[in-house]
Amino acid sequence: MADTFEEVEKLYYKLHYTNFTEKQNERNAKIRHTERNRSTEDLLASKKTCPEESIYQLGTLESHASPKELFQIATEFMDEFHERFGKHVHILDWALHLDEGTPHIHERHVFDCENKYGEIAPQQEKALEALGFELPKPDKPLGRYNNRKITFDAACRTMLFEIAKRHGLELDEVPEYGGRAYLEKQDYIMAKQKEQLAQQEKAVQEQTAQLENLKQENEKAHHQQVRRTTYQSLALLSNDKKIQKQEKQLSELSQKIEDTENLLDEISAVVYDKAVAVVSENAVNDVLKASTEQVDIYLDWLKEPGRTASKETLDYTTYQITTLRKNIIAAVNRITARLTTVLIKPEIKKPAIEQIKENTRPSVLQKLQQRQEEINQREQTRTKPKKRSHGMEL
C-alpha cells in the first residue's frame, strides 16, 4: 500500500509499464544495445515519460474562488476528464493546497497507449492521437508550436470553463498558453519574493564580504602552496635525472658484464676443444711411438744378413710382424677417437668449460680493467688544458 504521491506513482508505473520495459530490454539485448535498457523508475524520472503536472487555481490573490468551490469544480472536472480521456490519460494523484494565500490544486497525470508491439507504454503524442486529437495546423509538420498537446490543453480549458459557469463563476477565457494567467500562483509568488528580496540582498552582501576574505586567505595559501610545489617539483626532477643517469650506467655495466660472460663462454669452449685435440694428438703420437719402436726393432733384426732361417720363414715372419704393426696403429687410432668422443660429451665438457671459465675470469677481468684505465688515462690527457706561456720571447 502506497502512503505518498511518489510511492503511488512508482507503484502505478511498475504495475502498468513493467511488461513494456522488460520486452524492450529484451529487444535491446538482441541488437546488442543493452546500454539503452530502462526500468519503470527510469521512465518515471525521464522528462519525456514522467507524469505531467497541472495546477488549478480560480482567481488571483485578491479575488478567488473559495476552497469548497474549487474542490467541487475540480472534482467534476476530473470525473469528466476521466470519462472522456481516461483510456489514454490517467490521473495518478492530486491535492488541494491552502497554505499559499490562493487555494489551488496540484494534479499529476500520465499519457500512454499501445506501441507497435502491442505493449502499453507512456507516450504523450501517440496517446493524444489515439484519442482523436488533431494538430492545430494539420497542414504543417509536427513541432514545438504545432502538436496535439496544444489541442488537448484547449479542450481541457473549455471543459473547465463550462463546469465553472455551471457553478456561477465567470473566467477569463483568453489565457496565456498553459493557463498561466489563471492556473499558476504568480501574484502570490511575486509578493512573497518581494518580502524576501531585502533579506536575501543583505545576506548576499554579508556572504560576499566573507567570500572576499576567504578569497584573499585562499590566494595567500595558494601562492605558498605553489612555491612549495614548485620547489618539490624541481627537487623531484633533479632526483629523476640522477636516477635516469644511474639507470643508464647500470644498464651499460650490465651489458659489459653480459658481453664479458659471453666472451668467456666462447673462449672457454675454444680452449677446451683445442685441449681435447692436443691431448688426442699427443696421446696418438706417444702410444704409437712406444708401440711401434719395439716392432720396428724386430723387423730390422729379421732383415739382418746373419739370419739362418729360410727365406720363406723370414718372409712369413716379416709379413706377420708388419701386419701386427698396422693393427697396433689402427687400435691406437680407435682408442684415441673414443677418447675424443668421451671428452666432448656434455656431462664431461660442460663442467670442464665452467672450470676453465673460473680459472680464466680473473685474468680477463684484469685485462678489461687495465684496458679501461688506459682509456681513462688517454681521456684525461686529451681534456687536460694546455699551459699557456705569458712570457715574452726575446
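How many salt bridges does the count come to, when a salt bridge is a side-chain nitrogen of Lys or Arg within 4 Å of a carboxyl oxygen of Asp or Glu? The count comes to ten. The model is predicted, so local features need pLDDT of at least 70 and side-chain atom pairs count only at pLDDT 80 or more, while totals for chains, interfaces and linings use all residues. Residues are numbered from 1 along each chain as its sequence is written, and side-chain values use heavy atoms, with hydrogens and water left out.

The secondary structure comprises eight helices and four strands. Helices (H or I, at least four residues) and strands (E, at least two) are DSSP runs, numbered from the N terminus. Along the sequence, the pattern reads α-α-β-α-β-β-β-α-α-α-α-α. The chain has 394 residues, and 25% of them are buried. Here, buried means under 20% relative accessible area, exposed means over 50%, and partly exposed lies in between (1.4 Å probe, protein chains only). The accessible surface of the chain comes to about 29000 Å². Carbon and sulfur atoms account for 54% of that surface. Accessible areas come from the Shrake-Rupley method with a 1.4 Å probe; for residues, only the protein chains shown count as cover. Contact means heavy atoms within 4.5 Å. Among contacts between residues at least 6 apart in sequence, 60% join residues at least 24 apart.

Nonpolar cores were examined next. A nonpolar core is a set of buried Ala, Val, Leu, Ile, Met, Phe, Trp, Tyr and Cys residues joined through side-chain atoms within 4.5 Å. The largest such core holds 25 residues. Ile-73, Phe-77, Phe-81, Phe-85 and Phe-152 touch the most other members. At least two residues of this core come from each of helix 3 (67-85), strand 3 (104-114), helix 4 (124-130) and helix 5 (148-166). Residues up to four places away in sequence aside, Phe-152 touches Phe-81, Phe-85, Val-89, Phe-111, Leu-128 and Phe-133. A second, separate core has nine residues, including Tyr-17, Leu-43, Leu-44 and Ala-121. In soluble globular proteins, nonpolar side chains tend to be buried together.

Some nonpolar side chains are found on the surface. Phe-71, Leu-96 and Leu-98 form a nonpolar patch there, with about 270 Å² of accessible area together. Patches are made of residues with over 30% relative accessible area and no salt bridge; like charges are joined within 9 Å, and nonpolar side chains (Val, Leu, Ile, Met, Phe, Trp, Tyr) within 5 Å. Leu-96 is in strand 2 (residues 89-97). This leucine counts as partly exposed because its relative accessibility is 31%.

Several salt bridges were examined individually. Glu-53 pairs with Arg-108, and the closest N and O atoms are 3.4 Å apart. This pair links distant parts of the chain, with Glu-53 in strand 1 (residues 52-56) and Arg-108 in strand 3, 55 residues apart. Glu-53 is partly exposed at 40% relative accessible area. Arg-108 is partly exposed at 22%. Glu-9, Glu-53 and Arg-108 are linked in a network of salt bridges.

The side chains of Arg-148 and Glu-125 meet in a salt bridge at 3.0 Å, N to O. Arg-148 lies in helix 5 and Glu-125 in helix 4, so the bridge ties together parts that are 23 residues apart in sequence. Arg-148 is buried, with a relative accessible area of 13%. Lys-149 and Asp-153 also meet in a salt bridge, at 2.9 Å, N to O. Both lie in helix 5, four residues apart, about one turn of the helix. Both Lys-149 and Asp-153 are buried.

Glu-119 is located in the loop between strand 3 and strand 4 (120-122). Its relative accessible area is 6%, so Glu-119 is buried. Neighbours within four places in sequence aside, Glu-119 is in contact with Asn-19, Phe-20, Lys-23, Arg-27, Cys-113 and Glu-114. The C-alpha atoms of Glu-119 and Gln-24 are separated by 9.5 Å, although these residues are 95 apart along the chain.

Cysteines were also considered. Cys-113 counts as buried because its relative accessibility is 6%. Cys-50 counts as partly exposed, at 29% relative accessibility. A search of the whole structure for disulfides (a pair of cysteine sulfur atoms within 2.5 Å) finds zero.
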